[in-house]
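Here is my note on the model you sent.

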Amino acid sequence: MRPIGKFFCPYPHTERVQIDRLLERLGIEAAHARCKPSIRLVSGEMLRVLDAAERSLLRLDTFYQSGGVIVTVNATAKGDAAVSLVNDNVLTKALARVADWEKFDGRSKEWKPSDPPTQIVRQLLNAQTYDHLPVLDGVARQPYFRKADDTLVAEPGYDAQSKVYAVFDREAFVVSDVSEAAARDALGALKDLISEFHFASECDRSAALCAMLTAAVRSSLPLAPAFNISASTPGSGKSYLGALITPFAGPGEPLNMSYPTTAKEASKSMLAALLGKPAVISFDDMQTDWLPFGMINRMLTSETVTDRVLGVSRTVTAATNVFVMGTGNNVSPVRDMSRRVVTIQLRPPTGSPATLSYAGRPVDAVRANRGRFVSLALTIVQAWQAAGRPRTDVPDIASFGAWSDKVRQPLLWLGEPDPATSLIQQVRSDPDAESLARFMEAWRLAFGSKPMTLRKVVDRAERDNGALLDAMMELPFVERGAINRNKLGWYLKRNANRIVDGLHFQREDNSERTAWSVQTIGDSYSGVSVGNASSARTEAPIDPREPVMINGEIY
């Protein structure tokens, strides 16, 4: 509130010693003594004014650009980092704080003080590209590895090379020995933390260790799978295990959310969550399976997602480097989520697991000494790197190569079972194929190989209320108990020529509108080619997960 300072002394001579008198004696104008730049509002110079305004924000060290918007980053009392989108009120106050704004007064022919103009504030907010504000790609709550060169960054603050803002006490995180012996000691300490949990198998125990390491290095990874902690009985320790894993990602509380129930809800809620750059997004006590909404699919297999901000007519891009976790009874990933989620299964040997206790109080131990346990996780990763990055021969996991290197391979190197076992089993079991096979078989029984329009198929299913309708009700084009014809068309396009149990959907020409038929491999399967699907044959098997071209259209 005193931009040019204040002088105070309890003795009477202070009446003669004032800051303004000092400035007058030194020949310094009061405006210059404020040590702030002056921005003059000159007509026709909007671009220069905007440039000056953006430059002035650099003085605060808390303003960044991220995904086409201006954000602020501030440390919280708990040692975490809070990222917020900047609105017009925040930006107006910031511009008024960092610069003296002046407007020419034609009457007095002098430059007079002014407030930051609304037009300048809006132009700056809506610019989407900025020349001077540093780019913020992520937030770290502990030492992290640069993605470009795997160097461990052990200093807090903004790192221009990685474009990451880090908030942590560097004295709390110490990795002094990266030998194999140190890695085994670190692994032993982490295994002690989960020694009282009842895992269904050793692979589930390894997956829990993997979740700790993933949380510790998530800001260093372009992509990582989500983790699903499931059990058949309430009170089995799912939430408690989640609370144990969370501090490995950051000191604050996770962003607890309900799992979305619709694609629209997923798009809006996930974008809003990601823009805040939390350390953890937790779907605690899930009441549904991990449904494959498009936004959540992209969030786990793409480094950024782009969508419209709720309540604002603008599109933004958000980074996805957040640790994602969920808990629930008999909850599992379905369809496309099967290859994006690692499941940790708990199975206490008692009918009343809610009475179980954890004498070691592992959650309290990690929260009280987070720096030590995160350092143990980092020790394992660095020791594997120092050993020459030895790799165990295990099935590759699409999209998650960097995660497999930094997290999965170090555990395999130390003799642990493959922590990705559940994910691989989920992909191989392919429940989508089973549902698709039932649908095609019911369709074939109803219509044979005759081409049918979607309208006729839906009408027949709803009229007969038999096996065809039962098969369709299991598929993702059903909303609130009703068949969505648009989504049914999308589903058929996506699964065109996918062979399951000797059957496949084939698109047919029809004078009325697009029609589909179910064909058997031996009778009429014509393969996939550029141009007419029936004009060529191919002996190569078709990967149902790869895009194909039929009649000039890509599915």
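1. Is L26 buried or exposed? L26 is exposed, because its relative accessible area is 54%. (Buried means under 20% relative accessible area, exposed over 50%, and partly exposed in between, with a 1.4 Å probe and protein chains only.) L26 sits in helix α1, residues 19-26. Helices (H or I, at least four residues) and strands (E, at least two) are DSSP runs, numbered from the N terminus.

2. Ground rules. The model is predicted: local features need pLDDT of at least 70, side-chain atom pairs count only at pLDDT 80 or more, and totals for chains, interfaces and linings use all residues. Residues are numbered from 1 along each chain as its sequence is written, and side-chain values use heavy atoms, leaving out hydrogens and water.

3. Overall figures. The chain has 555 residues, and 47% of them are buried. It holds 19 helices and 25 strands. Along the principal axes, the C-alpha atoms fill a box of roughly 105 × 65 × 45 Å. (Areas come from the Shrake-Rupley method with a 1.4 Å probe; for residues, only the protein chains shown count as cover.) Among contacts with a separation of 6 or more, 70% link residues 24 or more positions apart. Contact means heavy atoms within 4.5 Å.

4. In soluble globular proteins, nonpolar side chains tend to be buried together. Here the largest core has 67 residues, and L190, L241, F248 and W403 touch the most other members. Helix α7 (residues 202-217) gives the largest share of this core, ten residues. Another core lies apart from it, with 37 residues, including V71, L136, L271 and M286. (A core is a set of buried Ala, Val, Leu, Ile, Met, Phe, Trp, Tyr and Cys residues joined through side-chain atoms within 4.5 Å.)

5. Helix α8. Six of the eight residues of α8 (residues 238-245) are buried, so the helix is largely enclosed by the rest of the structure. The buried ones are K238, L241, G242, A243, L244 and I245. Their cover includes α6 (180-193), α7, β12, β17, β18 (341-346) and α11 (362-368). Beyond residues up to four places away in sequence, L241 touches I194, F197, F199, I229, I344 and L346.

6. The parallel sheet. An open sheet of five strands runs in the order β13-β14-β17-β12-β18, with parallel pairing. Its edge strands are β13 (255-256) and β18, each pairing on one side only. (Two strands pair if DSSP finds at least two bridges between them.) Strand β17 (residues 323-329) has six of its seven residues buried, so the rest of the structure largely encloses it. Five bridges join it to β12 (residues 226-231), and four to β14 (residues 280-283). M325 is the β17 bridge partner of F227, and also of S282. N228 is bridged to G326.

7. N321 lies between β16 (315-319) and β17. N321 counts as buried because its relative accessible area is 15%. Setting aside neighbours within four places in sequence, N321 contacts D137, G138, K147, R218, S219 and L221.

8. Salt bridges. The structure holds 21 of them. (The criterion is a side-chain nitrogen of Lys or Arg within 4 Å of a carboxyl oxygen of Asp or Glu.) E180 and R184 meet at 3.0 Å, N to O. They are four residues apart in helix α6, so about one helical turn separates them. E180 is partly exposed at 38% relative accessibility, as is R184 at 40%.

9. E416 and K191 form a salt bridge at 3.1 Å, N to O. The two are 225 residues apart: E416 is in the loop between α13 (401-413) and α14 (421-429), K191 in helix α6. E416 is buried at 10% relative accessibility, whereas K191 is partly exposed at 31%.
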